[in-house]
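Please read these points with the sequence and the model open side by side.

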Amino acid sequence: MMQFRDLNRQYEALKAEIDKGIQEVISSSAFISGRQVEALEEELAQYVGLRHCIACGNGTDALSMSLRAWDLKAGDCAFVPDFTFFASAEAVAFEGAIPIFVDVDQRTFNMDPVKLEDAIRKVLVEGKLVPRAVVTVDLFGLPADYDAILPIAEKYGLKVLEDGAQGFGGELRGRRACSFGDISTTSFFPAKPLGCYGDGGAIFTDDDDTADYLRSIRVHGKGAYKYDNVRIGRNSRLDTLQAAILLPKLHAFISHERDEVNHAAARYTEGLREWVITPCFDERFISSWAQYTIQVESEQIRNDLQRHLKLSCIPTMVYYPIPMHQQKAFSDLGKTEGSYEVSERLCKTVLALPMHPYLEEAEIDFVVEKIRDFYEGTRI
Ligand SMILES: *Cc1c(COP(=O)(O)O)cnc(C)c1O
């Protein structure tokens with residue numbers, strides 16, 4: 001049966017190397033901070049093009065530790081897209097600051113730079129909160145529009161935290177995702193473009209002091225060594241086993257998987273563009289296709305289409321059904337009023353189709369055919 005993201009097929013393809021890596025870790029017993037962790041950090045830093053990679057426990061910790069490095073705190077605010085996974089905004093609130101939500105661009109799903117500047121101005125006029133950072137999200141594998149966002153952040157003296165949990169492998173004008181922020185983060189949750197077999201994450205930066213600080217707080221605020229504790233930190237390391245699993249996966253990602261998801265996306269778009277709104281961005285960008293997300297006319301049609309595909313055993317997902325400003329967890333955050341037309345509409349009209357590097361052409365064609373059937377009136 002067709003999988004939404006087929007991790008079994010990937011394992012079958014990479015089994016020899018993954019099994020060997022796991023066995024080596026078990027034989028060495030270096031389960032924490034083994035040599036594979038450092039090897040992975042070096043390869044990841046080189047791939048994104050920055051000096052430092054700090055592997056950690058998960059993508060949410062990566063965001064939270066980054067904001068801690070800037071001492072984000074009560075009275076501060078950070079600007080976050082309204083259409084994203086909860087963790088992007090949760091990390092801001094977790095540090096005691098207020099997330100100010102910014103509506104997104106309807107074609108790219110990413111933060112709308114014009115609305116970002118409006119939101120910053122509004123906070124400054126109100127004068128209640130101190131704007132500190134912009135948390136950009138590279139949603140569904142596509143880098144945010146850093147050509148527009150970085151100058152705005154600079155103009156208002158804001159740090160940029162790139163949430164590249166879904167963006168790893170994407171590019172903007174030849175520069176890789178996870179290199180655009182003052183600090184950038186990613187997640188190795190299994191379903192992400194580069195996923196491990198459990199939880200994992202990483203932080204990227206070019207700033208030496210920030211890197212030192214992050215390496216300290218991920219291990220209980222260590223100083224010269226583990227039992228010299230110079231600040232309050234936490235425990236957020238990437239296990240050696242996960243690093244050993246990620247190394248061959250990273251090599252496959254670089255050598256062919258990213259190309260394969262791009263090929264799959266092009267085939268979907270070719271087959272679907274006369275029926276639905278297909279993902280769209282200009283030639284400055286390359287996506288790593290964490291998701292392939294279509295838009296339809298209404299919530300009713302989206303739900304009918306999802307049901308129709310399910311009858312043919314085609315799994316689909318709604319990323320995301322609730323905009324950040326309507327999340328219950330944020331209901332008591334003295335938030336600044338804004339309008340979020342685009343993200344409210346997207347929550348009703350998006351549908352993510354099966355997408356992964358091991359999807360076969362015949363499977364893509366089957367999904368396309370079933371969507372065409374739906375639109376041609378054979379609705380069941
Ligand atoms: C998955 C995800 C995260 C969180 O990553 P975890 O490793 O699950 O903690 C953060 N932001 C975005 C946009 C994500 O998709």
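1. Phenylalanine 140 and tyrosine 320 are both buried. Please note from the start that the model is a predicted one, and that the burial of these two residues is computed from it.

2. How are the rings of phenylalanine 140 and tyrosine 320 arranged? They form a stacked aromatic pair, with 6.4 Å from centre to centre and 20° between the planes. The angle counts as stacked because it falls under 30 degrees.

3. Phenylalanine 140 belongs to the loop between β4 and α6, while tyrosine 320 belongs to the loop between α9 (299-311) and α10 (341-349), so their pair ties together parts that are 180 residues apart in sequence.

4. The structure holds 22 aromatic pairs. Another of them joins phenylalanine 109 to phenylalanine 140, edge-to-face, at 5.1 Å centre to centre and with 70° between the planes. This pair also links distant parts of the chain, 31 residues apart. Phenylalanine 109 sits in the loop between β3 (98-102) and α5 (113-126), and phenylalanine 140 in the loop between β4 (130-137) and α6 (146-155). Phenylalanine 109 is buried, as is phenylalanine 140.

5. Which residues make up the aromatic cluster around these pairs? One cluster is formed by Phe4, Phe83, Phe85, Phe109, Phe140, Tyr319 and Tyr320.

6. Phe85, a member of that cluster, also has a charge over its ring: the charged end of lysine 192 lies 5.8 Å from the ring centre. In another such contact, the charged end of arginine 176 sits over the ring of tyrosine 47, 4.0 Å from its centre.

How values were computed:
Residues numbered from 1 in each chain as written. Predicted model: local features only at pLDDT ≥ 70, side-chain atom pairs only at ≥ 80, totals over all residues. Heavy atoms only, no water. Phe/Tyr/Trp six-rings, centres within 6.5 Å; stacked < 30°, edge-to-face > 60°. Helix = DSSP H or I, 4+ residues; strand = E, 2+ residues; numbered from the N terminus. Buried < 20%, exposed > 50% of the residue type's maximum accessible area, 1.4 Å probe, protein only. Lys NZ or Arg CZ within 6 Å of the ring centre and 35° of its normal.
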